[in-house]
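Here is a short report on one protein chain. Keep the structure open while reading.

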Amino acid sequence: MESSNKIKAFLDSLSFRDLTIAIEFLVTGYILYFYLGEITAATEQLRQDPSWVSGLLLKVIVISIVTSIAGQLLLSFVSDKDMDKPLDEREKLIALSGCKPAYWVLQIGVCISIFQYSAEAQNWSQALPFELPFAPLHILVIAFLLAELVGYGTQLVKARLGVVYV
């Protein structure tokens, strides 16, 4: 009972924009959890099947689109026209502040993926410490999702702390 009151108090303390970012953060976190769960639960034979990997990517895309649309619809019902208001200067800076660390995570993921692809193409010993078919593809998807999480997380922290320029 007390934890639900804390959660309710926390949600009440969030502005509409912060609530939107928090929902996007949670949705992205769920998608990453789902993706990693599917990969780890799959048998080795499934992981090597290109149609299974394509199906998994399709599931991730569909879940992402459906949950994003559902979240935006839910937010539009509770927004009191807040969604239509333009961002103020502080909100614009907070939105931009999440981009830089997100881009770093994405760039690192792309570089790791390129290295992994090169290692596999040159028949070097496995670059990853474990065997994972289609590893460069999985690295790219995970890097993208992690970059989104870092971007949303940075925005949430900066919005809650009120520190925009640091």
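## Cysteines

Cys111 counts as exposed because its relative accessibility is 52%. Exposed means over 50% relative accessible area, buried under 20%, and partly exposed in between, using a 1.4 Å probe and protein chains only. Cys99 counts as partly exposed, because its relative accessibility is 28%. The structure holds zero disulfides; a disulfide is a pair of cysteine sulfur atoms within 2.5 Å.

## Basis of the model

This is a predicted model, in which local features need pLDDT of at least 70, side-chain atom pairs count only at pLDDT 80 or more, and totals for chains, interfaces and linings use all residues. Residues are numbered from 1 along each chain as its sequence is written, and side-chain values use heavy atoms, with hydrogens and water left out.

## Overall fold

The chain has seven helices and zero strands. Helices (H or I, at least four residues) and strands (E, at least two) are DSSP runs, numbered from the N terminus. In order from the N terminus, the elements read α-α-α-α-α-α-α.

The chain has 166 residues, and 32% of them are buried. Of the contacts in the chain with a separation of 6 or more, 73% join residues 24 or more positions apart. Contact means heavy atoms within 4.5 Å.

## Helix α6

Helix α6 covers residues 99-121. Its 23 residues should span 33 Å at 1.5 Å a residue, and the end C-alpha atoms are 32 Å apart, which agrees. The expected span is 1.5 Å times one less than the number of residues in the helix. Just after α6, Asn123 takes a positive phi of about 60°.

Which residues of α6 are buried? They are Ala102, Gly109, Ser113, Gln116 and Ala119. The buried residues of α6 pack against α7 (135-161). An α-helix has 3.6 residues a turn, so residues three or four places apart point the same way.

Trp104 also lies in helix α6. Trp104 counts as exposed because its relative accessibility is 51%. Its C-alpha atom is separated by 9.6 Å from that of Val150, 46 residues apart along the chain.

## Helix α7

The 27 residues of α7 should span 39 Å at 1.5 Å a residue. The end C-alpha atoms of α7 are 38 Å apart, which agrees. Just after α7, Gly162 has a positive phi of about 75°.

Gln155 sits in helix α7. Is Gln155 buried or exposed? Gln155 is buried, because its relative accessible area is 11%. Neighbours within four places in sequence aside, Gln155 is in contact with Ile21, Ile94, Ala95 and Gly98.

## The largest pocket

The largest pocket has a volume of about 300 Å³. Of its 19 lining residues, the closest to the centre are Thr28, Ile31, Ser64, Ser68 and Leu145. Two or more lining residues come from each of α2 (16-41), α4 (50-78) and α7. The largest share, nine residues, comes from α4. By type, the lining has eleven nonpolar, six polar and two charged residues. Ala, Val, Leu, Ile, Met, Phe, Trp, Tyr, Cys and Pro count as nonpolar; Asp, Glu, Lys and Arg as charged; the others, Gly among them, as polar.

On a 1 Å grid over the protein atoms alone, a pocket is an open set of points where a 1.4 Å probe fits, with protein on both sides within 12 Å along at least five of seven lines. Lining residues have an atom within 4 Å of a point. Grid points are joined across faces, edges and corners, and a volume is the space filled by probe spheres set on the points.
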